[in-house]
Each structure stands twice: as C-alpha cells, then as structure tokens.
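Dear colleague,

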Protein chains: 2
Amino acid sequence: MLKNILDSRYNYQPGLSIDCVIFGFCDNQLKVLLIKTAYSDKWGLPGGFVSVDEDLDLSANSVLYKRTGLEGIFLRQFATFGAVKRNMGHFNETIFDMLSTPLEDRDWYLQRFITVGYYALVDFLRAVPQPKNDEEIVEWIDHNAVPDLILDHRNILDKALETLRMELNLMPVGYNLLPDKFTIPELQKLYEAILGRKLDRRNFLRKITSIGILTKLDEKKSNVAHKAPNLYSFDQDKYNEVVRNGLHQGW
Amino acid sequence: MLKNILDSRYNYQPGLSIDCVIFGFCDNQLKVLLIKTAYSDKWGLPGGFVSVDEDLDLSANSVLYKRTGLEGIFLRQFATFGAVKRNMGHFNETIFDMLSTPLEDRDWYLQRFITVGYYALVDFLRAVPQPKNDEEIVEWIDHNAVPDLILDHRNILDKALETLRMELNLMPVGYNLLPDKFTIPELQKLYEAILGRKLDRRNFLRKITSIGILTKLDEKKSNVAHKAPNLYSFDQDKYNEVVRNGLHQGW
C-alpha cells in the first residue's frame, strides 16, 4: 500500500501529512495504536497524506481507515507539528530503491512535511484494527511500554496525552468506554489510566458525584466476594449538558 | 511587500500559511488586530507563508512581524484549517496582473492553502503596529464590530475566541494586561470583555479570590468619588503556579 501512496503523489497536498494518536481503554489499561511498516524497524503512529480534494478534518478518518481499517472514530485535531528537520532521513535512497520510487518523484518525499495531529479515545474491544495489507503490523501497545518511535512521533504522542489529560478538567470522560452499568472504582480506574497515577478514593467519589452526571442504580455488582459496590450509569442528558457547557460552570 | 512574497515562492512551504489572531485589551475593551491589503476591499487576519528553513512555531512570529511590525508576542497555536475550497478565488488573474506575477508561478497561489492559526492576548497600548509598507493598513478593531473578513478568517477568529474563553476555565488571565495595581471591578471587566457578557459581581469576587492569586493591598483607588475600591496585585509566584498546574486542582 505504501507503494500505492508513493505512486500517486500528485493526488496529495505537498509537504503535509496527518498522524493519528488512538488511545484505547479496556480492562483498566490505556493503550496506543501503533503501526510498523516493512521499511522501518521502528513503530510509528498511523498516518498518511492528505488528498488534494478532501477537507483536512475529513481526511484524518480516511488516513486512519486506509492504514488500520478502523472506521467511525471521532478524531479531534490537537496540534500541528512542523520543525524544519522533522522528517529528515525518514525516506532515503535505499527505501526509494526498495519501493521502486521513480527518480523524479523522490524530492517530493524529501521536503519538510508538516503534520497535523488528531487523537481519539476509544474502547479498544470495539475498535479492532484490520491492517489493509500484509506488509504492515498494527497493534495496541500499552502506553507505558511504547518503544522508540519514528520521526517526532514520541513528541506527538506526548502532546496528545497532555491534551487528553487537560480535557479531564474540562469535560467528563467515560461514556462509550465503560459498560452501561459500572462501579465508581471502575470509573476511577479509567481516570487513573489516563492520568497515569493513583487517585484518592474519597476525593474522587466526592468530585465525580458533584458533577451530577451519575445515576445510582438499585443494583450491586455481582460476582464480588463481599461488600459488593453499587452500580451506576451515566445520566445521558446531564452528561451531554456538561460536555456542552464544560465541567466548571465557568465564570 | 506582497510582491516580494510572490517573487520568492520557492522559499516557502507549498500550500501552507499562518494566520495570527491578536486580541488586544485596553480600557475595558477587547479588540482584534486586522489588516487590509491593496488588492482586497475586505479586512483579514495578519498572516503569511512559512519559510522552508524555519520551524513552524517560530515562523508565526516572523509572519506577524513582517506584516505588522509587532515583536515579542507569545503566540499559541490553536487549530489548523484546511477546507478544500478555503482559498478558492482569493488570488485571481486580475490580482496576478496587478502584481505582475510570472505566469509560471500562478498555479502555486491557486492550490489549496492549509493555514495554521495562532493567537495571543496582549495589552494593545504596548503593542503598537507599524505597517511594514504603505500598501497595507493595520488596525485594532473592536471585536464586536469586526466587518466581513476575507477567506475563512471569520471562522478562524471565532475559533480563537472560543479557545481563549475555554482558557479562562483552565488558567488565570490578567497579568501583563492590567496595571500593577488594579481593582476587582477592573479585573472583572477583563473577564467580561473576553466572555462577551456581564458577570455577577459577588460570584466573580468569590471565585477570583478563591484561586489565591490576588494580594489585597493596603491602598484604595484614588480619584474615585466615594467608596473607593481596594487595590490588588497579582501574587506572581502563586499566579505562575496556577498557570502551571491549572485552575482546578484537577483530579
């Protein structure tokens, strides 16, 4: 597929790419979707070029789909990266030869690429990547065990996580990531996975209930040895209202 | 100067521009820095192209300086805009003829330009624009009286203001925008100018003092008829701490 991309450079906006940071949550773990191509021994974020006839924000989903088969993910733009030497050395003559890139096309790939970063947080059991070709490996990797990445992808990943953490102060997170009925400790685990640190149980309980998005159900978690915790669900209307208006009523 | 830009297209990243939304605050008013070129009857945001040998984030300041003479402004990137037809019709044969653009260069300007938006909030008395040439007018315009803008600049401006308003929920604002000693009503006016609406006096007082960034001085505002209000200053250490850690201690 990379060969296809290289063959059709005139269909793409010059010097521009997109990179997607897809965080997955499941079983109390935060993972990141990474991809490994045939021509590099390092992992990277799934990304690609932008068609000249496609709106930038729409093309992010095309890029993700083409590289991973993932569809229907709501991607948010978070930052654009453009250091002068950011893709220097990424493509080189050896790789061009391997991919039979025509000589006259090679300069196109050697120019500086500005990349627009998009991120999403999904339930990774519902978002199963199906690589679009045999030359690439796509995998969910624990965000604490991310290896060396190509280019400035580590920086892009860090910035995406920083944005996601900041979002926790602006809006609630959890809908679509937890089962319909969940316990407060399960919700706390989600916040802890994103923040990368333990939270105080009482403080979390106090803060999360004060937002007013939780409905306490008349049920307890089953299959629990003793002191079964209460089950909750999100009050969908209030949840959406807080997403719209922000977590802190503002000024 | 536009002619200079047009003459040296090979020095610039193809299909990429930068636009700067500079908000100015002074005398309780929120203004926006706008520019009008010789070849359009509409106002627009100050912007320009990105040199191939300059980091994207650094080039924002060069662009701003080249168009307005403004220096030393801390610009924050907030979003990148790339609708397919966003600059369609902006340059045309009439303008190219007027600027004597070589025929072989014209296609370069007709391609889609992705633009990276940067914004800043400054004291506009300290940031006096000095247009770099006679063909352009640069002015501070009341943000409530912004006329029709070129391209998608209205959209870019709206998105910048939305980002600035969101920031009020994340960090304090005011340092460098108010005199060293100020009253709570003066600070409230700043928040009201940004938010575009009146705030309740008591609520504002309660919220702003609870942040812990204000030092109450043993002085009152002079030149005030009666009931002179107290003067305050920012506790610089605490202010910086809150900027670093966020307004709401988080989770």
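In what follows, two residues are in contact when heavy atoms of theirs lie within 4.5 Å. On that basis, the contact between the two chains draws 38 residues from chain A and 38 residues from chain B. Please note that this is a predicted model, in which local features need pLDDT of at least 70, side-chain atom pairs count only at pLDDT 80 or more, and totals for chains, interfaces and linings use all residues. Residues are numbered from 1 along each chain as its sequence is written, chains are lettered from A and ligands numbered from 1 in the order in which they are written, and side-chain values use heavy atoms, with hydrogens and water left out.

**The interface**

The size of an interface is often given as the accessible area lost when the parts come together. Here chain A and chain B bury about 3,000 Å² between them, 58% of it on carbon and sulfur atoms; this buried area is the accessible area (1.4 Å probe) that two parts lose on being put together, summed over both. The side of chain A that touches chain B receives two or more residues from each of strand E1 (12–26), strand E3 (47–51), strand E4 (76–81), strand E5 (114–123), helix H6 (184–195) and helix H7 (201–210). Helices (H or I, at least four residues) and strands (E, at least two) are DSSP runs, numbered from the N terminus.

Between chain A and chain B there are 18 residue pairs in polar contact, both residues at pLDDT 80 or more. A polar contact is a pair of N or O atoms within 3.5 Å; within protein, one must be able to donate a hydrogen and the other to accept it, and residues adjacent in sequence count only if both atoms are side-chain atoms. The rule for salt bridges (a side-chain nitrogen of Lys or Arg within 4 Å of a carboxyl oxygen of Asp or Glu) finds 0 across the interface of chain A and chain B.

**Symmetry**

A rotation of 180° with 0.0 Å of shift along its axis places chain A on chain B, with an RMSD of 0.0 Å; the two copies are thus related as by a two-fold rotation axis. The superposition is by least squares on the C-alpha atoms of residues with pLDDT of at least 70 in both copies. Because 100% of the interface residues of chain A are also interface residues in chain B, the copies meet through the same surface.

**The chain and selected residues**

Chain A has 8 helices and 8 strands, and its C-alpha trace spans about 70 × 45 × 25 Å along its principal axes. Of its 251 residues, 54% count as buried. Buried means under 20% relative accessible area, exposed over 50%, and partly exposed in between (1.4 Å probe, protein chains only).

Phe96(A), in helix H3 (residues 93–98) of chain A, is buried, with a relative accessible area of 0%. Beyond four places in sequence, Phe96(A) touches Phe91(A), Thr101(A), Arg106(A), Tyr109(A) and Leu110(A).

Arg126(A), by contrast, is exposed at a relative accessible area of 58%. A polar contact of 3.4 Å joins its side chain to that of Asn176(A), although the two residues are 50 apart in sequence.

In chain B, Ser40(B) lies in the loop between strand E2 (29–36) and strand E3 (47–51) and counts as buried at 17% relative accessibility. A polar atom of the Ser40(B) side chain lies 3.1 Å from the backbone nitrogen of Lys42(B).

With kind regards
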